[in-house]
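The sequence and structure come first.

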Amino acid sequence: MTITFTDPDLKSEERDDEVVRLLEELSDRSDIDAVDRVRDPNPPDGNKSGGAFLVGVLMAEVSVANAKKVLGFLGDRLGNKPISFEVEGNGKKLKVSASSREELEFAMQKAKEFIEAA
């Protein structure tokens, strides 16, 4: 699952702050197999740190069995924040975006249906 904070009103640093907070919360969950920030595949020339992270993006690995639970947590945690996320299962991908609580709930329902069908 790839989660991207897309709020155009937030500066890059603020979107990264959101990623760091969510990363800490997801790291503490036993239903998450792995979670980390996403490295920029094309870092700026001269970058000596081994590559920068993509702004406002993190990736979580979640088993199908735990996916509904994690999606519920994300719905509660991110309900009022514009985000996009991508769910992958059995070689298929579903990408959804939401900018309100209602849109996020609809997107979460579609993601749950997608996971059940995978």
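How many salt bridges does a search of the whole structure find? The search finds 7, a salt bridge being a side-chain nitrogen of Lys or Arg within 4 Å of a carboxyl oxygen of Asp or Glu. Side chains of opposite charge can pair when their charged atoms come close.

The model is predicted, so local features need pLDDT of at least 70 and side-chain atom pairs count only at pLDDT 80 or more, while totals for chains, interfaces and linings use all residues. Residues are numbered from 1 along each chain as its sequence is written, and side-chain values use heavy atoms, with hydrogens and water left out.

The mean pLDDT (the predictor's confidence in each residue, from 0 to 100) of the chain is 84, and 92% of the residues reach 70 or more. Helices (H or I, at least four residues) and strands (E, at least two) are DSSP runs numbered from the N terminus. Among these elements, helix 3 (residues 101-117) has the lowest mean pLDDT, 80, and strand 2 (residues 34-39) the highest, 93.

**Salt bridges**

Glu 18, Arg 21 and Lys 81 are linked in a network. Arg 21 and Glu 18 are 3 residues apart in helix 1, and therefore separated by about one helical turn. Lys 81 lies in the loop between helix 2 and strand 4, so its pairing with Glu 18 of helix 1 ties together parts that are 63 residues apart in sequence. Buried means under 20% relative accessible area, exposed over 50%, and partly exposed in between (1.4 Å probe, protein chains only). Glu 18 is buried at 10%, whereas Arg 21 is partly exposed at 40% and Lys 81 is partly exposed at 25%. In the pair outside this description, Lys 93 is exposed at 54% and Glu 86 partly exposed at 22%.

**Ser 27**

Ser 27 is found in helix 1 (residues 12-27) and is partly exposed, with a relative accessible area of 45%. A polar atom of the Ser 27 side chain lies 2.7 Å from the backbone oxygen of Leu 23.

**Lining of the pocket**

The residues that line the largest pocket (lining residues have an atom within 4 Å of a point on a 1 Å grid; a pocket is an open set of points where a 1.4 Å probe fits, with protein on both sides within 12 Å along at least five of seven lines) include 4 from strand 4, the largest share.

Definitions and conventions
Polar contact = N/O pair within 3.5 Å; in protein donor to acceptor, adjacent residues only side chain to side chain.
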